[in-house]
Amino acid sequence: MRSLLVLLLCLAAGGAQAQVPPPGATMCSGCHGEGSILPLDDWTAAEIIAAMAGFKDGSRPATLMPRLAAGFSDEDITAIADWIAAGGMRHDTR
Amino acid sequence: MTLDRRQMIVAAGGAVAALALPRRLSAQDRGRVVVVGGGFGGATAARTLARLGHEVTLVERDATYVTCPFSNAVLGGFMELESLSFPLAGATLDGMRLIEDSAVDVDPEARTLTLAGGEVLEWDRLVLSPGVEFLYDALPGYDEAAAERMPHAWKAGPQTALLRAQLEAMADGGLVVIAPPANPFRCPPGPYERASLIAHYLTQAKPASKILILDAKETFSKQPLFQEAWARLYPGMIEFRPPSMGGRVIGVDPAAMTLQTEFGTVAAAVANVIPPQRAGAIAQVAGVRDETGWCPVSGVTFESDLVPGIHVIGDACAPGAMPKSAFSANAQAKVLAQALDALFRGEEPQSPRLINTCYSLAAPDFGFSVAGVYAEAEGKLTELADAGGLSALEAPAQDRAQEADYARSWYAATVREAFGG
């Protein structure tokens, strides 16, 4: 029970942090937001980090993303991945 | 501390709500923002600020926005203008007011904006996203009336329909002239995508026709990719003539359908004359447009270098290195919204990282891109040297087809974000 409470509090804290996106994070939705053939909002942080690492080291070929991944450090990417995984890209379309 | 099952559901609900719901701002942190212009920049800014909990008024002259992106596909005969049209009423969110009117005056001291209809709007921050206006007097013989004979089609809508109708009416074997302006202008690869997609149409419908690009510049955006595509898809149909080859247009005669160059007169069956541009007129009224014709702004907050409290985004702004594109406008709008939100909460806006990605189509299933990543240096945006660049030359057809699919996917995601469409 206690660990569940901690988890919930972490989720809530994560939500609060997710409201201020790290540098570059809001760029993703231009291509990967609602309506995209490649939506990112159900990706985990680990999946995003692994994909970006693959774009940077050439092990994951792609037409565009290697050119963009090159502009972000590992720390930048981790912050963006955490924000996306916490639901940062999900708009509340009231 | 222990929780019973009911308390836990409440706590879980709170956690989910923290993720999904817009933040509740205290009254003092809630800014009043007026946004002028409902294109990719203005509509995205208004919606993002409304989602962040601020009080937003979006002022736009036209009830429906027609996107320039994919308007070349209309000229190519494989998309309809209706599918590029977004009623701005569909873009409004809670906490956001839409006014269909023109902005006519700005008082930066009183922090007010006056509309043509007489209403005076008060703001804490004013955001201008007016796009471009055309310099009709820059080219002898070309004016608004001439644009009915020699359409620019550089604002999507009736001009696009007119140019398409002229292409449809043209006899096989006709010469289509495209006359792009010098840099900087809206959508640097646009004229060359246009040449490509008109060639796509002519190859099917009027294969003896030719396209001549009479250009004001020696080189153009994505040039190696376009020229590779033209040689492969439309051999012999498109000629690019730079100023050194006599390509600079120095005057037009719309009645005679001729264009004068430094090397002689060219007679066209269809003439697409794209005049030079500058920031939309309200930027001049507001005092944020300088002698270059554009609006110098911060690369962090997009606040004008000339008038405090007024921010400019999209094609009209000059924040440093970013090109004038719908992607840039949408990206700048999101950075601006976060920066204004920080300012209203009394925090320092963060140093941003922006992206631009411009896809061009050379045929419906043949796309490529230019990309850039931008960071702030001494208040302006600079392009990161190690990132960005063009799609690979000599790429396999499947890569070009994939980038064409990505272009359509970018469009779907971005119009959804900007216009709710």
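**Ground rules.** I am working with a predicted model, where local features need pLDDT of at least 70, side-chain atom pairs count only at pLDDT 80 or more, and totals for chains, interfaces and linings use all residues. Residues are numbered from 1 along each chain as its sequence is written, chains are lettered from A and ligands numbered from 1 in the order written, and side-chain values use heavy atoms, with hydrogens and water left out.

**Entry 1: A:Ser36.** I found A:Ser36 in the loop between helix H2 (29-32) and helix H3 (45-57) of chain A. Helices here are DSSP runs of H or I, at least four residues, and strands are runs of E, at least two, numbered from the N terminus. Is A:Ser36 buried or exposed? It counts as buried, because its relative accessibility is 11%. Buried means under 20% relative accessible area, exposed over 50%, and partly exposed in between (1.4 Å probe, protein chains only). I then checked its contacts (heavy atoms within 4.5 Å). Leaving out residues up to four places away in sequence, A:Ser36 touches A:Cys31, B:Ser409 and B:Ala413. Its side chain reaches the backbone oxygen of A:Cys31 at 2.7 Å. It also reaches the backbone nitrogen of A:Leu38 at 2.7 Å.

**Entry 2: two domains of chain B.** I looked up domain 1 (30-134 + 277-349) and domain 2 (137-273) of chain B. Their bounds come from an automatic or database domain assignment. Their C-alpha centres lie 30 Å apart. Domain 1 of chain B gives 22 residues to the contact, and domain 2 of chain B gives 23. How many salt bridges cross this interface? The rule finds one. A salt bridge is a side-chain nitrogen of Lys or Arg within 4 Å of a carboxyl oxygen of Asp or Glu. I also noted a salt bridge between the side chains of B:Arg186 and B:Asp315 (2.5 Å, N to O).

Entry 3: Side chains of opposite charge can pair when their charged atoms come close. I searched the whole structure and got 23 salt bridges over all chains. One of them joins B:Glu417 and B:Lys334 at 2.9 Å, N to O. B:Glu417 sits in helix H9 (residues 397-419) and B:Lys334 in helix H8 (residues 326-344) of chain B, 83 residues apart. B:Glu417 is buried because its relative accessibility is 7%. B:Lys334 is buried too, at 3%. Next I checked B:Arg61, which pairs with B:Asp62 at 3.7 Å, N to O. B:Arg61 is exposed, at 52%. B:Asp62 is partly exposed, at 28%.

Conventions:
Polar contact = N/O pair within 3.5 Å; in protein donor to acceptor, adjacent residues only side chain to side chain.
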